[in-house]
Amino acid sequence: MKPVIGVTTSRRSGWRIFPLVAFNIWLAGGKAVRWDTRRPPRLEAVDGVVIGGGDDISPDLYGGTLGISARLDPERDALECELARQALARNLPVLGICRGAQMISVALGGTLDQSAWQTFGMEHKIRTVLPRRAIRIEPDTRLARIAGPEEMTVNALHTQAVRDPGKGVRVAARDMAGMIQAIERLDDPFALGVQWHPEHLFYSRRQRAIFRALVAAAAARRGNLRQVDAALASGRRGLV
């Protein structure tokens, strides 16, 4: 049977985002189910989790102070933060997309930069679903093995970014200004967070590889990092 992946979405924009994420999961060999604050998660019914994009995360979750204008969804914040912790505690693999990458970090004790473009320079700001932001993937990371170590061009729709990745998490990619663009968990279970939106870039084999890694990990249930690494070493050109 296909691994089942629970996907969190915004109540406002989930109707248009979920089909894209579900399509990518289907291409990777999985089946997606949609969750939001009106569709409570059932972790016992899934093999993996995607925490999707959307509104900014409240600094209340990581001890910060709201100092800029932001659109917040406290109900979703609470749901997804606890969901990330519970999924990892149950050994379920997690993929975080944009806000979801930030939530993985926060759930594991990390912090966010609330105004990333002011910190790194407004001249670097690119806000588009088109792949126009160049990033460098850190060597010897799982992301490098999944999608290849070469420079990658991605899209960008965010205003916040990860500052401190959190316990047991390392930086997997940065953009040319130094802003963190991907993070990954060092130990089981598999957890990868990407600041961009790979669901919009399904025509790229490197972006599809991210979803294939999640589904490979979900199929394993236990020791899922070994399953992903085995897929990478199997001669299938890994997941790229």
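User: Why does Y203 count as exposed?

Analyst: Y203 has 53% relative accessibility. Exposed means over 50% relative accessible area, buried under 20%, partly exposed in between (1.4 Å probe, protein chains only). So Y203 counts as exposed. The model is predicted: local features need pLDDT of at least 70, side-chain atom pairs count only at pLDDT 80 or more, and totals for chains, interfaces and linings use all residues. Numbering runs from 1 along each chain as its sequence is written, and side-chain values use heavy atoms, leaving out hydrogens and water.

User: Where is Y203 placed?

Analyst: Y203 sits in the loop between β11 (191-194) and α6 (205-220). Both kinds of element are DSSP runs numbered from the N terminus: helices are H or I, at least four residues, and strands are E, at least two.

User: What makes the nonpolar surface patch?

Analyst: F23, W26, L27, F202 and Y203 make it, with about 510 Å². Patch residues have over 30% relative accessible area and no salt bridge; like charges are joined within 9 Å, nonpolar side chains (Val, Leu, Ile, Met, Phe, Trp, Tyr) within 5 Å. A salt bridge puts a side-chain nitrogen of Lys or Arg within 4 Å of a carboxyl oxygen of Asp or Glu.

User: How many aromatic pairs are there?

Analyst: The whole structure has 3 aromatic pairs. One of them, F23 with W26, is stacked: 6.1 Å centre to centre, 25 degrees between the planes. Rings of Phe, Tyr and Trp (its six-membered ring) pair with centres within 6.5 Å; planes under 30 degrees apart count as stacked, over 60 as edge-to-face and the rest as tilted. F23 and W26 are 3 residues apart in helix α1 (residues 14-27), about one turn.

User: What is the arrangement of F23 and F202?

Analyst: Edge-to-face, because the planes are at 90 degrees and the centres 5.3 Å apart. F23 lies in helix α1 and F202 in the loop between β11 and α6, so the pair ties together parts 179 residues apart in sequence. Ring pairs link F23, W26, F202 and Y203 into a cluster.

User: How do you know whether F202 is buried, partly exposed or exposed?

Analyst: F202 has a relative accessible area of 31%, so F202 is partly exposed.

User: Why is helix α3 called largely enclosed?

Analyst: Because 9 of the 9 residues of α3 (residues 99-107) are buried. Among them are R99, Q102 and M103.

Technical notes:
Accessible areas come from the Shrake-Rupley method with a 1.4 Å probe; for residues, only the protein chains shown count as cover.
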